[in-house]
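Please look over the structure shown below with attention to its helix packing, one of its pockets and a few local backbone features. The briefing that follows takes these topics in turn.

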Amino acid sequence: MPKLMRLAILDDYQGVTLALGPWEKLPHIETTVFRDTLHDQDALVARLAPFDAILAMRERTPFPAALLERLPNLKLLITTGERNRGIDAAACAARGITFSGTPSFGAPTVDLTWGLILALARGIPGQQDALRAGRWQTEVGVGLQGRTLGLLGLGKLGQKVAKVGQAFGMKTIAWSQNLTAEAAAAHGVTRVEKAELFSGADVLSIHLILSERSRGLVGAAELALMKPDAFVVNTSRGPIIDQAALIAALREGRIAGAGIDVYDIEPLPMDHPLLSAPNTVLTPHLGYVTQENYRSYFAGAVEAIQAYEAGSPIRVITG
């Protein structure tokens, strides 16, 4: 394989990519870091056309076939993490573009999930704001022991979230399209039907991959089944929840609150109605954003470039 000449690193919101990766191993590559996200395809093509290698940060910038077709110089496209639903793998293969992933850790998303749950249950953001304003103990929170944690999805992350819930003394229930009672029981979780998951959960936490089956899975009908004192937490992907239905449920007091890390549009526009919805704890897609994960991502990206240039691409994603 020929040497790569120009690398674009996309969507480095915090400006930390170069400091957290071993880029000195690629002295022959001209590297350009972009800290903003472009949604206009023409502008994106104009920016990326000169580059033969691109590092995409998760799904911040999608690469559909229509975009890939307009990047004739692109030879290697790397995503941080092991998969990226925003990149058309088939289109990459059809155009001879190598599409590689990097190592990643799922545990940081578990940490953040529990941060959101605890913040909601104990009203931590509001209590901090009240304290700084000179008001003492303005709310009464709820404890988690004896309450029910409902898991929409019991994969690797859902299993870890369940284990923490059990340590808090919570009952754990779960549902997904393919989950069996035996698979759930292996993790101390009770498999229930979908309606029972929503009606029984005091905390509903979502841990599904975004797909056509999961898009809009949590809609008005599902939210209507929930208890008025229940919380919804989403650290998976925004479109799994119908955001208009969620906002309506919050404004009408039909659920107690929501902890949200992922959104239909990212970065979230300042006029997005979710920002003014009551009883929310909102974070800017921080589930995977830790120093450990970033170091793993960027070391993996350097490895992917070196392997490509050696003629033996690694962690190639085909679908």
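Predicted model: local features only at pLDDT ≥ 70, side-chain atom pairs only at ≥ 80, totals over all residues.

**Loops, pocket and helix packing**

Pro267 lies in the loop that runs between β11 (257-260) and β12.

- By class, the lining of the second largest pocket consists of ten nonpolar, three polar and two charged residues.

**Two further loop positions**

- Val289 sits in the loop between β12 (280-282) and α11 (291-309), and, when neighbours within four places in sequence are left aside, Val289 is in contact with Gln14, Arg60 and Tyr294.
- Between Val289 and Gly188 there are 101 residues of separation in sequence, while the C-alpha to C-alpha separation in space is 29 Å.
- Gln137 is placed in the loop between α5 and β6 (148-152), and Gln137 has a positive phi of about 50° although this residue is not a glycine.

**Packing of α4 against α6**

- Helix α4 (residues 107-122) packs against helix α6 (residues 156-167) at an angle of about 45°, and the axes of the two helices are 9 Å apart.
- Because of that angle, α4 is described as oblique to α6.
- The crossing in which α4 passes α6 is right-handed.
- On the α4 side the residues that meet α6 are Ala107, Thr109, Val110, Thr113 and Trp114, and on the α6 side their counterparts are Leu157, Lys160, Val161, Val164 and Gly165.
- Sorted by class, the contact of α4 with α6 contains six nonpolar, three polar and one charged residues.

**Packing of α4 against α5**

- Helix α5 (residues 124-132) packs with α4 at an angle of about 60°, with the two axes 6 Å apart.
- Which term describes the orientation of α4 to α5? The angle makes α4 oblique to α5, because angles from 65 to 115 degrees are needed for roughly perpendicular.
- Leu118, Ala119 and Arg122 are the α4 residues that meet Ile124, Pro125 and Gln127 in α5.
- The contact of α4 with α5 is made up of four nonpolar residues, one polar residue and one charged residue.

Note on methods
Residues numbered from 1 in each chain as written. Heavy atoms only, no water. Axes fitted to C-alpha atoms, helices over the stretch in contact; angles between N-to-C directions. Helix = DSSP H or I, 4+ residues; strand = E, 2+ residues; numbered from the N terminus. Parallel < 35°, antiparallel > 145°, perpendicular 65-115°, else oblique. Left-handed = near helix turned anticlockwise from the far one by under 90°. Contact = heavy atoms within 4.5 Å. Nonpolar A, V, L, I, M, F, W, Y, C, P; charged D, E, K, R; others polar.
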